[in-house]
Structures are given as C-alpha cells and as structure tokens.
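Hi,

Here is the structure I said I would pass on.

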Amino acid sequence: MIEHLDPVLLSRIQFALTVSFHIFFPAFTIGLASWLAVLEWRWLATGNPVYSAIYRMWVRIFAVTFGMGVVSGVVMSFQFGTNWSLFSDKVGNILGPLLGYEVLTAFFLEASFLGVMLFGWNRVSRGMHFAATLIVAVGTLISAFWILAANSWMQTPQGFSISKNGLLYPESWLKIIFSPSFPYRFVHMVTAAYLTTAFVAGGVGAFYLRRSRHIREARVMLGMAMIMAIFVAPLQLLAGDMHGLNTFAHQPLKVAAMEGLWETARGAPSIILGWPEQEKETTKFAVEIPRLSSLILTHDLNGEVKGLKAWPKNERPPVLLVFWAFRVMVGIGTLMILTGLAALILYLRKRLFDVGWFQCWCVAMTPAGFAAVLAGWFVTEIGRQPYIIQGVMRTSEALSPVQSVPVAVSLGAFILTYGVVFGAGSYYVIKLIAKGPDAQPDVYGSHGVKKAQLFTGTMDEPTTGN
Amino acid sequence: MLDLPLIWFGLLITALFLYVLLDGFDLGVGILFPFAPSDECRDRMMNSIAPFWDGNETWLVLSGGGLFAAFPLAYAILMPALYMPVIMMLLGLIFRGVSFEFRFKSHRSRFIWDYCFHFGSIVAAFMQGMILGAYVKGVQVQGRSFAGGPFDWLSAYSVMTGVALLFGYALLGATWLVMKTEGITRDWARKCASYVLGYVGVFLAVVSISMPVMNAGVKELWFTLPNFYYLLPVPLLTAALFAMLWRDLHKGVENRPFFLSIGIFLMGYIGWGISLWPWLVPFAVTFRQAAAAASSQSFLLAGTLVILPVILGYVAWCYYVFRGKVSNEEYY
C-alpha cells in the first residue's frame with residue numbers, strides 16, 4: 001500500500017514537519033538570546049540581583065530549546081540532499097555557499113560560546129561571560145541573515161543564469177543575497193522572533209504575578225515584555241505591510257491567494273473572512289470590505305488587483321491554506337498590538353502589575369508568537385507552490401530518486417522522534433518555569449561562594465514557594 | 001590560477017576529519033556511558049563533554065554544508081544513496097543531543113535520558129561506520145543521479161565497518177576520559193581504553209587488508225613499486241602509535257593517550273584517503289567532476305580563508321577555558 005503513495009507528497013510532508021518543528025526553536029532563541037544579553041547587561045550595569053536571577057532562570061530554558069534547535073537543524077542540512085537531490089544538484093552553486101556561510105559565520109559562533117555561556121560562570125570573568133552571551137545573540141541574528149537570504153532568493157530569484165544542462169550559475173552574489181524580498185523578510189522575521197520571546201516572557205511574568213510568586217522578577221519580565229508589545233508590535237504591522245507590498249510586486253499570485261481573490265478587478269474588495277474553494281474558483285461566505293484590497297495594495301481606491309483566475313490552474317497554490325494561515329498571522333498580530341495598547345493604558349494608570357484580567361490575558365497570549373510565526377511561514381512557503389524556486393523550478397521536479405517506502409518509514413520515525421523530543425522538551429521547560437528564578441541568585445564568585453543573604457536583598461521577598 | 005576543486009577537497013576532508021575526532025570522543029563517551037562504575041562517574045563523564053558537544057557536531061554540519069556548497073553533485077548523489085543510514089544517524093544524534101539538557105533537568109526520569117544518550121550515540125556511530133563501509137564499496141550512478149536500490153548500503157562489510165567505528169570512537173572517548181577525569185573514573189577509563197585498543201587494532205587490520213582485496217585499483221596503488229616504499233610509513237607509523245599507546249596506558253600517562261588515539265585515527269584516515277583518491281563518489285565521480293561553479297567555490301573560499309582560522313582560534317580558546325579535570329557538580 002505504502003509503495004503507491006507519492007514520494008513527492010511524502011517528502012513534502014516530511015520537509016514541512018521537520019522545518020516547522022525546527023522553526024519553533026530559532027523563533028524563540030533569536031529573541032531569547034538578545035533578551036539574555038540585555039538582562040546580563042542590566043545586571044552588570046546596576047548590580048541588581050533580580051536581573052541575574054532572571055538570567056539564570058531563562059538561560060536554562062535557553063539551553064533546552066537551543067539544544068533541540070541544534071539537533072533539528074542538523075536534520076535540515078542533510079534533507080536537501082536526502083529528499084531533494086535534484087534541487088540540490090541544480091541550485092547547489094547558488095544556495096550551497098549561502099548555507100556554507102551560515103555554518104561558518106553563525107553556527108560555530110553560537111555552539112562554541114554557548115558552552116561558555118552555560119558552563120563558564122566560574123571560569124571566565126563577568127565581562128567575558130557577558131561577551132559570550134552577546135556573541136551567541138549576534139550569532140543567532142547572523143544565522144537568520146543567511147538562511148533568510150537563501151529562502152528569499154527562492155521566493156524572488158535573481159542574479160543567476162541557467163546553463164544548457166539545466167544547472168543554475170551565479171552571476172552576481174550581491175543580487176543573490178539581497179534579492180528583492182530579503183530585506184523585508186529579514187526584518188519581519190527577526191521582529192517576529194523578538195515578539196515571540198516577549199510574549200513568552202510576559203506570559204510567564206504574568207503567571208507569577210497572578211500566583212503572587214517571584215514578584216520582583218515577574219515585574220521585570222512582564223514590564224520588559226510589554227515594552228516590546230507597546231513599541232515593537234505596531235512596528236511589526238508596518239514591516240508586515242511593506243513585506244506584503246513587496247510580495248504584491250514580485251509574487252502577485254501569492255497575494256491573490258492570501259486575499260482569496262479570484263477575479264481581477266479595479267477597486268478590489270478585501271475579504272475579511274470566507275472559505276476559498278480551489279475547484280469551484282470562488283470564496284464562499286465572503287465578508288468583504290469594498291475597495292480595501294486595492295487601497296492597501298496599490299494605495300488607490302480604484303487600483304487593479306489581479307485575481308487567481310489570471311493564472312492557469314496548475315500555477316496556483318492551495319488557496320484555502322494560504323488564505324487562513326494569513327488570517328491567523330494577522331489576527332495574532334492584531335491581538336499583540338491590542339495587548340500593547342492595554343498595557344500602555346494600564347501603565348499610565350499605574351496599574352500594569354495588579355490587574356487580574358490582564359495577567360490572565362497575558363498568560364493566554366504566551367504561545368501566540370509561535371502560532372503567528374508558523375502561520376506566517378505557511379503563507380510564504382505554501383503561497384510559493386507549486387514552485388520550489390519561484391518561476392524557475394517546480395517542487396515536483398526537485399525530488400531525489402528515492403522510493404515511497406523508505407520515505408514513509410523515515411517520516412514515521414521523524415513523527416515519533418519529534419513527538420517524544422518535543423513532549424519531553426516542553427515538559428522540562430514547563431518544569432523550569434514552575435520552579436521559577438532561584439530565591440538566592442547571587443552564587444556568582446570565583447569559588448562559587450554564596451553571599452550572605454543580607455546583601456542579596458532577598459529577605460523581604462514575599463515569595464510563597466520556589 | 002588557484003586550483004579551487006583541490007583546495008575545497010582538502011578543506012572538506014579536513015572538516016570531516018575534525019568532525020570524526022571531535023564528535024568521535026563525545027560519541028565514544030556515550031558508547032561507554034552505561035558501563036561506568038557509578039552515577040557519579042557518569043555525571044563527570046557528561047560534564048567533561050557538555051560544553052563541547054554542540055560545537056563538535058557543528059563540524060558535521062560544516063561537512064554536509066561544505067559538500068553541498070563545493071561539490072553539489074556529490075551531495076546530490078550520496079545523500080539519496082545513503083538515505084536510510086543518514087536518517088538513522090540523524091535520529092540517533094537527536095536523541096543523544098537532547099539527552100544532555102534533559103538529563104540535567106530530570107531526577108526520577110534521568111535513567112531514560114541516560115539510555116537515550118547511550119543508544120543514540122551507538123546508533124549514530126554505527127551508522128557513520130556503515131556509511132563508511134558503503135562508501136568504500138562504491139555507489140551506482142547514472143547520469144547525475146544515484147541509480148541503485150534503497151538497501152545498497154547494507155552489507156556484511158558495512159556492518160563490520162559499523163562495529164569497527166564503534167570501537168574506534170570508544171577508544172577516543174576512553175582516552176579523553178583518562179585525560180579529563182580522575183580517581184575511579186580515570187582508572188576505569190584506562191582499563192576500557194586498553195581493552196578497546198586490541199579490537200581497534202584488529203578492525204583496522206581487517207579494513208586495511210580488505211580494501212586492496214576488494215578493489216584492484218587500490219591494490220595497484222599500494223602494492224606496486226615504488227609506491228609501496230613511499231606508502232610504507234603509514235602502516236609502520238600506525239604500528240608505532242599502537243605500541244606507544246599500549247605502553248602509556250599501562251604506565252599511567254594521562255594526557256598523551258588521547259593524542260596518540262588521534263594519531264591512530266589520522267593514520268587510518270590518511271590510508272583511507274590515499275586509497276580513494278581522487279574519487280568523491282567512489283568509483284563514479286571524482287572531486288573535479290563534482291565541483292561547483294568556480295564562482296561559487298571562490299565566493300565561499302574568500303570567506304572561509306578569513307573565518308576558518310578565527311573559528312579554530314575560538315574553538316581552541318573554549319577548550320582552554322574548560323581545561324583540566326572535571327568535577328561531577330552541575331555548573332549552572
């Protein structure tokens with residue numbers, strides 16, 4: 001039975017699974033690494049033990065998630081070859097060096113200094129330890145730079161030529177790295193990662209406040225998170241809008257799928273909700289706002305927006321998935337902005353840390369960033385189908401000469417493994433959160449000698465448990 | 001004009017060798033893990049590699065990524081040919097990789113992660129050995145693609161090389177522990193090392209004899225004059241290294257055994273490399289045929305020449321930071 005399954009489909013599911021699983025960790029660790037650097041900096045600058053307590057708590061969570069990110073990332077670096085070897089052969093000249101640079105400039109940096117960051121407390125100076133944290137944070141950003149350059153090139157390829165034997169050759173590396181969609185995708189993704197971390201930190205802080213535990217640490221967590229929600233979430237709306245306009249210019253078909261628009265029209269409406277049907281070429285139950293699509297995309301109430309029917313059927317992506325993933329992403333983004341707005345109002349009324357409903361709300365928003373990031377990647381990746389490289393190579397032409405059975409078996413093994421690993425990882429992260437920051441954080445010292453409690457200032461801490 | 005394919009071939013085999021050494025010793029620690037005399041020993045063993053494992057594994061990513069970047073054709077042929085062992089190796093690496101962090105975080109369930117660490121390490125090492133065996137036996141190629149079946153990699157020979165690499169990594173792991181631990185852990189590791197050393201010798205001999213027997217080209221390379229005299233130092237040096245290691249282990253020397261094990265690996269690797277020259281996909285595609293476009297190779301080379309020394313510098317610094325014997329306490 002299995003041998004009748006399509007190896008292309010199986011490989012796509014496997015790739016989607018492994019890359020979706022992987023993106024959880026970078027989405028979290030990019031923001032977390034930067035936040036840890038900020039915390040350590042505040043600690044070094046102020047000497048306030050609250051910051052080091054928060055640092056120590058979150059660096060453990062960082063270690064767990066980073067480890068899972070590393071091992072799921074190793075899988076990615078081999079899958080291009082195992083499952084998409086025709087793709088690798090064709091575009092190796094272009095994507096190979098980009099991934100090579102990612103390993104050289106980012107992976108080694110992160111992996112090496114992570115060891116110092118986690119285990120080096122008593123072996124290097126405080127300044128050197130801070131440098132290690134900073135280097136890891138910068139490493140995560142460099143990594144994002146290269147992988148997003150590679151992905152953006154697959155969305156908006158340029159700077160290459162195709163030889164007679166079908167292989168792609170680089171013509172201009174600057175054009176390849178800085179393809180038209182790259183700056184927007186990079187800003188949009190890094191901002192998304194920062195917001196993801198902010199909402200996790202804020203949710204955990206709110207959870208402690210709700211339980212009246214670790215009050216001082218919780219205030220810092222929620223406070224810093226809300227600074228991000230207030231200032232960065234609206235910026236993300238702006239970045240997303242610009243990214244969308246860029247997509248409209250270079251991949252108008254993807255935008256038509258995101259909007260669920262079938263007919264080309266001047267003064268095209270924006271469909272808020274609906275149910276696109278691929279076969280019938282309509283969007284059912286559409287709730288529309290007249291002319292809004294044209295206004296957003298062309299900045300003109302009567303601007304022309306192309307509908308899906310402008311392209312042949314075999315060029316169109318699965319509209320339903322793209323349409324709804326887009327709404328999930330935008331919906332969560334909107335909720336983040338509203339959270340920031342509520343936080344601002346509460347802050348001005350000096351009630352940010354003691355309103356019960358807001359704490360519950362922030363706890364509920366903890367996983368929001370992950371869902372938005374995943375939905376956003378679904379939009380951009382599924383929206384590019386049926387191409388693996390927009391307009392250049394179809395996904396169906398990229399597959400390795402592998403048979404269905406091995407792929408089905410490996411897919412099953414990945415599902416099982418990732419289920420176990422993800423389950424256990426989540427369990428340990430939740431356990432670390434439940435434990436919270438150490439009551440006596442100041443164990444730092446060349447000999448690991450704890451300072452007297454009097455000086456750490458933890459005596460007056462109204463904690464109830466640890 | 002630079003000979004780009006040759007430079008990249010050199011860089012790639014260097015990266016792969018560094019991977020084999022560096023992840024070799026921490027996989028070796030995983031292989032020996034359950035046999036240690038106590039939980040305290042196991043904590044020490046874990047602490048001795050915890051700061052390094054993830055950097056060590058990065059050399060594998062570099063080898064894979066470097067193959068993709070510099071020799072995409074070889075990458076596109078070898079990965080489908082080795083589909084199942086590569087996937088199994090990755091799954092093994094996943095289980096052992098997450099075990100480091102999970103183990104430190106758990107108490108009652110710690111034994112589960114100890115086993116994941118052990119069996120993950122064994123699977124990863126065994127699959128790497130099998131990949132080695134399958135690679136040596138050659139890969140069927142048609143046009144620019146792998147043309148064999150899904151089980152081509154599986155043979156008695158590849159099982160043998162899988163077991164051989166298990167022992168090889170165990171030797172690296174044991175001598176690493178002799179260097180990094182003290183007390184009963186070190187004494188136990190020393191016994192392990194001298195026990196494993198015999199097996200490594202036997203397997204190395206079998207592999208060395210089998211390669212010229214299986215392939216006429218390899219035989220001609222090693223056993224014609226004057227090649228024979230030029231290549232004679234390889235087996236002689238290997239024998240000398242074995243003798244020195246044996247003596248060190250029985251005299252109680254602590255640091256040198258690890259470096260002698262590295263020497264044995266280096267000799268094996270050199271012998272293996274000489275036999276397969278100039279094939280990148282054995283007996284089908286040479287490294288020159290598989291080379292990426294010159295502009296791709298030179299673009300990445302420019303950066304590599306600057307960055308690689310820096311990487312080697314800070315990796316060495318990290319090993320220096322964590323120098324000396326380890327304790328069994330948790331660091332953070």
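Chain A has 14 helices and 8 strands (both are DSSP runs, numbered from the N terminus: H or I of at least four residues for helices, E of at least two for strands). Its radius of gyration is 24 Å, close to the 23 Å from the globule rule for 466 residues, so chain A is as compact as a globular protein of that length. That radius is taken over C-alpha atoms, and the rule is 2.2 Å times the number of residues to the power 0.38. Along the principal axes, the C-alpha atoms of chain A fill a box of roughly 75 × 50 × 45 Å.

Before going further: this is a predicted model, where local features need pLDDT of at least 70, side-chain atom pairs count only at pLDDT 80 or more, and totals for chains, interfaces and linings use all residues. Residues are numbered from 1 along each chain as its sequence is written, while chains are lettered from A and ligands numbered from 1 in the order in which they are written.

On confidence, the model scores ipTM 0.87 and pTM 0.88. Chain B averages a pLDDT of 90, with 98% of the residues at 70 or above (pLDDT is the predictor's confidence in each residue, from 0 to 100). Within chain B, helix α9 (residues 216-223) is lowest at a mean of 82, and helix α7 (residues 156-180) is highest at 94.

Back to packing. In chain A, 51% of the 466 residues count as buried, meaning that 20 or more other C-beta atoms lie within 10 Å of the residue's own; exposed is 12 or fewer, partly exposed is in between, and C-beta atoms are placed from the backbone. Of the contacts in chain A with a separation of 6 or more, 74% join residues 24 or more positions apart (a contact is two such C-beta atoms within 7 Å).

Now the two chains together. The contact takes 57 residues from chain B and 57 residues from chain A. On the chain B side, the elements giving two or more residues are α3 (53-70), α4 (72-81), α5 (83-105), β2 (145-146) and α14 (294-321).

A few local things to click on:

- Strands β4 (residues 270-277) and β5 (residues 282-289) of chain A pair in the antiparallel sense over 6 bridges; pairing takes at least two DSSP bridges. Glu277(A) stands opposite Thr282(A) in β5(A). The hairpin has 4 residues between the strands, and Glu281(A) takes a positive phi near 55° there.
- Phe285(A) lies in strand β5 of chain A and has a positive phi near 50°, though it is not glycine. It counts as exposed because it has 8 C-beta neighbours inside 10 Å.
- Arg291(A), in the loop between β5 and α9 (292-298) of chain A, also has a positive phi, of about 65°.
- The Gln385(A) to Pro386(A) peptide bond is cis, with omega near 5°. Pro386(A) is in the loop between α12 (368-382) and β7 (387-389) of chain A.
- In chain B, the bond from Trp277(B) to Pro278(B) is cis, with omega near -5°.

Cheers
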